[in-house]
Amino acid sequence: MLYSTFDVLSHSCLNLLGLTASTISFPLEVARKRLMVGSLQGKCPPHMIAALAEVVQEEGVKGLFRGWAASSLKVMPTSGVTWMFYEAWKDLLLGSRLHA
């Protein structure tokens, strides 16, 4: 099955959107992990804002994005595979109705 220019462009846009969403929400993931690890060590920040403030105080704003590169390497292929399976199942299940 050959993909049209539109398919390639839409897949590229979806990958970019996934990367953007991941980048925006990444500091919250860092804070969530800080809360989880803190609860295991007995020194858990009281809430998400406190966890974010703790990261900024100890590591600076850069600390909010520590590990972002590895995470973004995961987002792009995952988004592509998800879209590929979505399209394949859509064609399989609705193929006769879509091409009629």
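Let me start at Arg66. Arg66 counts as exposed, at 57% relative accessibility. Those words have cut-offs: buried is under 20% relative accessible area, exposed is over 50%, and partly exposed is in between, with a 1.4 Å probe and protein chains only.

A word on where this comes from. This is a predicted model: local features need pLDDT of at least 70, side-chain atom pairs count only at pLDDT 80 or more, and totals for chains, interfaces and linings use all residues. Residues are numbered from 1 along each chain as its sequence is written, and side-chain values use heavy atoms, with hydrogens and water left out.

Now the overall layout. The protein chain has 3 helices and 0 strands. From the N terminus on, the order is α-α-α. How much of the chain is buried? Of the 100 residues, 23% are buried.

Back to Arg66, and to salt bridges. A salt bridge is a side-chain nitrogen of Lys or Arg within 4 Å of a carboxyl oxygen of Asp or Glu. By that rule the count is 5. Arg66 has one with Glu59, where the closest N and O atoms are 3.3 Å apart. Glu59 is partly exposed, at 31% relative accessibility.

Which other residue pairs with Glu59? Arg34 does, forming a salt bridge with closest N and O atoms 2.9 Å apart. Arg34 lies in helix α1 and Glu59 in helix α2, so this pair ties together parts that are 25 residues apart in sequence.

Arg34 also meets Glu54 in a salt bridge, 2.8 Å from N to O. That pair links distant parts of the chain too: Arg34 in helix α1, residues 5-41, and Glu54 in helix α2, residues 48-59, 20 residues apart. Is Arg34 buried or exposed? Arg34 is buried, with a relative accessible area of 19%. Glu54 is partly exposed, at 23%.

Arg34, Glu54, Glu58, Glu59 and Arg66 are linked in a network of salt bridges.

Next, a few contacts along the chain. Pro27 sits in helix α1. Pro27 is buried, at 13% relative accessibility.

Met48 is in helix α2. Met48 is partly exposed, at 32%.

Then Met84, in helix α3. Met84 is partly exposed, with a relative accessible area of 42%. How far is the C-alpha of Met84 from that of His11? They are separated by 9.1 Å, and the two residues are 73 apart along the chain.

Val81, Met84, Phe85, Trp89, Leu92, Leu93 and Leu94 make a nonpolar surface patch of about 720 Å². Patches are made of residues with over 30% relative accessible area and no salt bridge; like charges are joined within 9 Å, nonpolar side chains (Val, Leu, Ile, Met, Phe, Trp, Tyr) within 5 Å. Accessible areas come from the Shrake-Rupley method with a 1.4 Å probe, and for residues only the protein chains shown count as cover. One member, Trp89, lies in helix α3, residues 68-98. Trp89 is partly exposed, at 48%.

Last stop, the second largest pocket. Its volume is about 160 Å³. A pocket is found on a 1 Å grid over the protein atoms alone: an open set of points where a 1.4 Å probe fits, with protein on both sides within 12 Å along at least five of seven lines. Lining residues have an atom within 4 Å of a point. Grid points are joined across faces, edges and corners, and the volume is the space filled by probe spheres set on the points.

Which residues line the second largest pocket? They are Ser22, Ser25, Phe26, Glu29, Val30, Lys33, Arg66, Gly67, Ser71 and Lys74. So we meet Arg66 again, in this lining. The elements that give two or more residues are α1 and α3. The largest share, 6 residues, comes from α1. By class, the lining has 2 nonpolar, 4 polar and 4 charged residues. Here Ala, Val, Leu, Ile, Met, Phe, Trp, Tyr, Cys and Pro count as nonpolar, Asp, Glu, Lys and Arg as charged, and the others, Gly among them, as polar.

How values were computed
Helix = DSSP H or I, 4+ residues; strand = E, 2+ residues; numbered from the N terminus.
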